[in-house]
Amino acid sequence: MRDVLAVHAGSISSLAEAKEVTGVTMTRLFSWLGLSLLLAGGALWAQGGDRGMAPATPPNVVPEGTTFLVRLEDKLDTRNLQRGKHFKVKLAEDLTSANGNVIPRGKKIKGHVSSVGEGLHVRLLLSFDEIETNHGWVPLIATVTGVPGEHGVKTSGDEGEIERKGMSKRHEVEAVAVGAAVGAAAGAGAGGGKGAGIGAGAGAGVGALAGVLSDHDLRLDKGTTLEVRLDHPLRIPTH
């Protein structure tokens, strides 16, 4: 009888230990499960936050930073150009949004002259106002980034100013040589050989200055190609 009771007591003790171990295991399991759910929820929240901070570009929009080519419909010459003058260009290539909507080549763009810089470092700043689409005109915010094919001009700064490149060494030498020849001829007529030498020196300086002053105007002829960059997403209307 004592042996039976001892066996029964041992069984009860073993069962209690088993329940205790099972309870510990289940507690750990639930803890791990809760931690996993917490981490998963945090990851989903972070992804949702990223989407909120960087929304996808709408399908009917040409994204900011897109570059394209246009051609001038008017001649722009700094000799008779005033701030505020309006001009037009035409698209030289299609503008296409992500969903395939197109502003076709040949559509017009309206703009105006924002500023004209004079002097030895003449410059020109152009601004764009609106662009023609298949469904009317829409605002356009863009900057000139280059003048392909025009080796005598360049763009500078973030605002896209167009300016002449400086006079090359070759042009400077040519201007001095021409001025010296003209000055020598005039000096020789006035005072012989000595006058020729004086006239050559004076003429060289005048020739260089005349070369700079005659070469400082900036002219963009009709048909000149400009490279343009979108500074703001461009929405293409569908109706």
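Predicted model: local features only at pLDDT ≥ 70, side-chain atom pairs only at ≥ 80, totals over all residues.
Five bridges link E2 to strand E14 (residues 225-230) in an antiparallel arrangement, with Arg 71 standing opposite Thr 225 of E14. E2 also runs antiparallel to strand E4 (residues 86-91), to which three bridges join it. Within this second pairing, Val 89 in E4 is the bridge partner of Leu 72.

The largest nonpolar core comprises 32 residues, of which Ile 109, Leu 124, Leu 126, Phe 128, Ile 131, Ile 162 and Leu 234 touch the most other members. At least two residues of this core come from each of E2, E4, E7 (108-117), E8 (123-133), E10 (142-146) and E14. The greatest contribution is that of E8, which supplies four residues. Beyond its sequence neighbours up to four places away, Ile 109 touches Phe 68 and Val 70, Phe 87, Lys 88, Val 89 and Leu 91, and also Phe 128, Glu 130, Ile 131, Trp 137 and Leu 140.

Gly 160 is located in the loop that lies between strands E11 (153-156) and E12 (161-164). Gly 160 is buried, its relative accessible area being 2%. When residues up to four places away in sequence are not counted, Gly 160 touches Leu 124, Leu 125, Thr 143 and Val 144. The C-alpha atoms of Gly 160 and Ser 127 are separated by 9.2 Å, although the two residues are 33 residues apart in sequence.

Terms used. Residues numbered from 1 in each chain as written. Heavy atoms only, no water. Pairing = 2+ DSSP bridges. Buried < 20%, exposed > 50% of the residue type's maximum accessible area, 1.4 Å probe, protein only. Contact = heavy atoms within 4.5 Å. Core = buried A, V, L, I, M, F, W, Y, C linked by side-chain atoms within 4.5 Å.
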